[in-house]
Amino acid sequence: MSWPVLIAFLILRAGGGLSAFQGARTQASGATAPALEDPLQPLSRKVFDLVNRQRRLHGLGILHWNDSLARQARLQSTNMMERGFFAHVDPVRGPLALRLNAAGIHWSRCGENIFREYGMDEPAEEAVEGWMKSPAHRMSVLDPLFSETGVGIAISPTTEYYITQIFIRPRQSAVP
C-alpha cells in the first residue's frame, strides 16, 4: 500500500533580495563520503549517487559530499520527524539560511529538497525520481551553480522516511 509522497524545495542566494539571509558565510569541505557516525549512511549515499547520476546525464559536474551539510540535513529530517512538521522552515531553528549560518557553514547560494514517504520499497529512488518529476526540485538537482551537498535521513518507528538534501555553492574568498 502506497501513501502520498510529499516533496518540497528551496533555493536561496546570498544578496538575492533576502535581507534576513545576507551576510551568510561559506565553509568548504574536502570530504568525499558520508559521515561514518550516520547509521543510515548507505541510504544517504544512495541518494547522493542518484543525484550525481542525474547531473552527469544532463552534462553537469558532480556535487561533492560535505559532512557539515549532511549533519544539518540529518538534523532537519530528524526535527521534522520528531516535531511533526514537513517544511523548510523549522519552527525552532528557522529557515535553511539561518540554520546554515548558525552551524558556521559559509555559502553564497543554498538550496534544499525535502521528501517524506510511507510504505515504499526504495525510498532513495522514489525521492530522486520525485524530485526530477517536479520542475522546482529538478531545478535544485540540476543547478550548475551548486557544488557541494549533504543528505540526511530519519526514519520514524512506523517506517516513515524523511529525506533532506542540502545544496550549496561556497562563498569564494576575496583575493587580495
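Trainee: How many aromatic pairs does the model contain, and by what rule are they counted?

Mentor: The count comes to 2 aromatic pairs, the rule being that ring centres must lie within 6.5 Å. Please keep in mind that this is a predicted model.

Trainee: What makes the pair of Phe-48 and Trp-65 edge-to-face or stacked?

Mentor: The two ring centres are 5.0 Å apart and the planes stand at 90°; because an angle over 60 degrees counts as edge-to-face and one under 30 degrees as stacked, this pair is edge-to-face. Phe-48 belongs to helix α1 (residues 41-57) and Trp-65 to strand β2 (residues 64-65), so the pair ties together parts that lie 17 residues apart in sequence. Phe-48 and Trp-65 are both buried.

Trainee: And why is the pair of Phe-146 and Phe-167 called stacked?

Mentor: The centres of these rings are 5.4 Å apart and the planes meet at 20°, and since the limit for stacking is under 30 degrees, the pair is stacked. Phe-146 comes from the loop between α5 (135-141) and β4, whereas Phe-167 comes from strand β5, so parts 21 residues apart in sequence are tied together. Phe-146 and Phe-167 are both buried.

Trainee: How do you know that Arg-109 lies over the face of Phe-146?

Mentor: Arg-109 lies at 5.5 Å from the ring centre of Phe-146, which can be set against a limit of 6 Å for CZ of Arg, together with a requirement to be within 35 degrees of the ring normal. Arg-109 is accordingly listed as lying over the face of that ring.

Trainee: Why is strand β5 described as largely enclosed?

Mentor: Buried means under 20% relative accessible area, and 9 of the 10 residues of β5 (residues 160-169) are buried, so the strand is largely enclosed by the rest of the structure.

Trainee: What makes β3 and β4 partners of β5?

Mentor: Two strands pair if at least two bridges are found between them. Strand β3 (residues 109-118) is joined to β5 by 10 bridges, and strand β4 (residues 148-155) is joined to β5 by 8 bridges. β3 runs antiparallel to β5, and β4 also runs antiparallel to β5. Glu-112 stands opposite Ile-166 in β5, while Ile-155 stands opposite Tyr-161.

Trainee: How do you know how the span of helix α1 compares with the expected one?

Mentor: With 17 residues, α1 reaches 24 Å from its first C-alpha to its last, and this is close to the 24 Å expected at 1.5 Å a residue. After α1 comes Gly-59, whose phi is positive, near 75°.

Trainee: Which residues of α1 are buried, and what covers them?

Mentor: The buried residues include Leu-43, Val-47, Phe-48 and Val-51, and their cover includes β2, α4 (123-133), α5, β4 and β5. For the chain as a whole, buried residues make up 49% of the 176 residues.

Terms used. Residues numbered from 1 in each chain as written. Predicted model: local features only at pLDDT ≥ 70, side-chain atom pairs only at ≥ 80, totals over all residues. Heavy atoms only, no water. Buried < 20%, exposed > 50% of the residue type's maximum accessible area, 1.4 Å probe, protein only. Helix = DSSP H or I, 4+ residues; strand = E, 2+ residues; numbered from the N terminus. Phe/Tyr/Trp six-rings, centres within 6.5 Å; stacked < 30°, edge-to-face > 60°. Expected span 1.5 Å × (residues − 1). Contact = heavy atoms within 4.5 Å.
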